[in-house]
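Visitor: Could you show me how to read the features of a model like this one? Let's take them one at a time.

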Amino acid sequence: MLQNSLAADPNRDLKSIYVYAAPVRIWHWVMTAAMIVLVTTGLLIAYPPPAVGGEASEHFLFGYIRFAHFTAGYVLAISWLVRVYWAIVGNDYTRQLFLVPVWSRAWWSEFGNDLKTYAFLPSAKPLRYAGHNPMAQLAMFFMATLGSFFMIITGFAMYSEGAGRGSWQDKLFGWVIPLFGQSQDVHTWHHLCMWLIVMFTIVHLYMVVRQEITTKESILSTMIGGYRSFKD
Amino acid sequence: METFYEVLRRQGITRRSFVKFCSLTATSLGLGSYFTPQIARALETKPRTPVLWMHGLECTCCSESFIRSAHPLAKDVVLSMLSLDYDDTLMASAGHQAQAILDEITTKYKGNYILAVEGNPPLNEDGMYCITGGKPFVEELKRVAKDAKAIIAWGSCASWGCVQAAKPNPTRAVPINKVITDKPIIKVPGCPPIAEVMTAVVTYMLTFDRLPELDRQGRPKMFYGQRIHDKCYRRPHFDAGQFVESWDDEGARKGYCLYKVGCKGPTTYNACSTVRWNDGVSFPIQSGHGCIGCSEDGFWDKGSFYDRVTGIKQFGIEANADKIGGTVAGVTAAAVAVHAGVTALKRAKVDHGTGIPKDGSAK
């Protein structure tokens, strides 16, 4: 079962379902921490803090800011690698971030129902999902998954410029720079995509809090304990 | 056919000067003394390779830079005396006389000459925006390029299009690789390129009879392998976090990093911070002005030279990543607030225990 609401399977125990295994939960919070560091230091790289006084040899402020950014970038990239591996070996829900069943009629029908639900239309059916609902899945696929991949690829492309020609970063990601035109363009798009992820985070936080308050499904605690419980 | 060495001796160059030139060339190419006799042997035995230098839509800044090469030996010996057979702005002959040389070299040395192109061909109106020798430059370029061994694209015009290709590009000027697709092209971008870089590239091709090692974008790695930033003498201020905030502040007087006032050194591949200009006297950053990124593709269409976060033209308006991204994030936050408000209102009307609306009406 890749997707679909729980209504399709009335025989299942709806008290609680184990959705997020430990690697997914760890990945989620590691990524959260990395993102916070990345956005903060990224903005500081674009808009550096006021100059520090004294001799250059006494300071390494901007160096540390960039170091934090690069380290968090590596953490993000490695955590995604682990996450991709887990999508292969993990349960069905782990694949939701990578495979959107756009070929499924049922999926689209539920997507339409999600739109109605969030638009407060009375015709919306109250469906329940153990994993992500189709609308959330689509948003996560484009903004969290593809957005992160875009940031990792462009990020390593820019990192390769410092690592130098012939470095493994250059061999793997150096081709990205001419694709965008030149290095400055890669910087611009990297910066722009940061805002896409910020936007995703705003909606994500809102949706999670909203779900937790207004429905009988657990969601915040699910990403801590792993179980989706239904308070019926 | 004459060899390089024979031409040199005929021009009155002594054997001693010749060997000095060979060792200078080996050094400037970063090859070491082992290669000095190899270069000498190559020049003594190989027939000379003529260089034709054509001018399209351009400002001649490449030539201006070139004739100021700090190593007159390399420039004069390799190009004026030895190999530069045609260059309509530098040669003494003009008109039909000059045109005759072009025709002679292309026939006599068919497949064995190097074509250097300064400027680029405009394609609009059948190429009529640039006429050389009574013909559209694009036709002349294609004709001479057809039998060339290799082609050098001098400067950002020939390499990327440069200022005449800036939006909206009324003449439809294009880099030469758009019209010459079947020959190896070596790009030497810059507006203009550094003189020593130009002479070294030609010297390398003449002595070793092959292209220098090129990067993904067709630029010689030995001069475009690193960014200005990687070898900038102000780099310690960058790492320390010491930046010029405005042009007359304390930081500017102390020679702090120009990153915040839009220096494009971190995104520009060139040799300015190592080779420098005018006999190694200085380069823009040393003079207190940020790099404008003149050797990078599209540098002319990236908004202000003084912005760190540069403009995005794809959105049709003058905007940068933060204006667009910030607006999107702001609108999203506002939409979330409205949605949350509506959710709260709806919820207030529903009894929590039963899920039935408080006014008793059926759903």
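Guide: Let's start where a helix stops: just after H4(A), A:Gly164 has a positive phi of about 100°. Helices (H or I, at least four residues) and strands (E, at least two) are DSSP runs, numbered from the N terminus. Keep in mind that this is a predicted model, where local features need pLDDT of at least 70 and side-chain atom pairs count only at pLDDT 80 or more, while totals for chains, interfaces and linings use all residues. Residues are numbered from 1 along each chain as its sequence is written, chains are lettered from A and ligands numbered from 1 in the order in which they are written, and side-chain values use heavy atoms, without hydrogens or water.

Visitor: How many residues does helix H4 of chain A have, and how far does the helix reach from its first C-alpha to its last?

Guide: For span, compare with 1.5 Å times one less than the number of residues. H4(A) covers residues 134–163, so to speak 30 residues, and reaches 41 Å, close to the expected 44 Å.

Visitor: Where does H4(A) bend?

Guide: At A:Met140, by about 35°. The bend is the angle between axes fitted to the seven residues ending there and the seven starting there. While you're at the start of H4(A), look at A:Asn133: one of its side-chain oxygens comes to within 3.0 Å of the backbone nitrogen of A:Met135.

Visitor: What about positive phi in residues other than glycine?

Guide: A:Phe120 has one, about 60°, and sits in the loop between helix H3 (105–118) and H4 of chain A. In chain B, look at B:Asp126, with phi near 55°; that residue is in helix H7 (residues 124–127) of chain B.

Visitor: Now packing. How do I describe two packed helices?

Guide: You give the angle between their axes and the distance between the axes. The axes are lines fitted to C-alpha atoms, for helices over the stretch in contact, and angles run from 0 to 180 degrees between N-to-C directions. In chain A, the axes of H1 (residues 22–46) and H2 (residues 61–89) come within 8 Å and cross at roughly 150°. That makes H1(A) roughly antiparallel to H2(A). The cut-offs are under 35 degrees for roughly parallel, over 145 for roughly antiparallel, 65 to 115 for roughly perpendicular, and oblique for the rest.

Visitor: Which residue classes does the contact of H1(A) with H2(A) have?

Guide: There are 19 nonpolar, five polar and two charged residues. Ala, Val, Leu, Ile, Met, Phe, Trp, Tyr, Cys and Pro count as nonpolar, Asp, Glu, Lys and Arg as charged, and the others, Gly among them, as polar.

Visitor: Where should I look for cis peptide bonds?

Guide: One joins B:Lys167 and B:Pro168, with omega about 5°; B:Pro168 lies in the loop between helix H9 (155–160) and strand E7 (185–188) of chain B. Another joins B:Cys191 and B:Pro192, with omega about -5°, and B:Pro192 is in the loop between E7 and helix H10 (195–208) of chain B.

Terms used
Polar contact = N/O pair within 3.5 Å; in protein donor to acceptor, adjacent residues only side chain to side chain.
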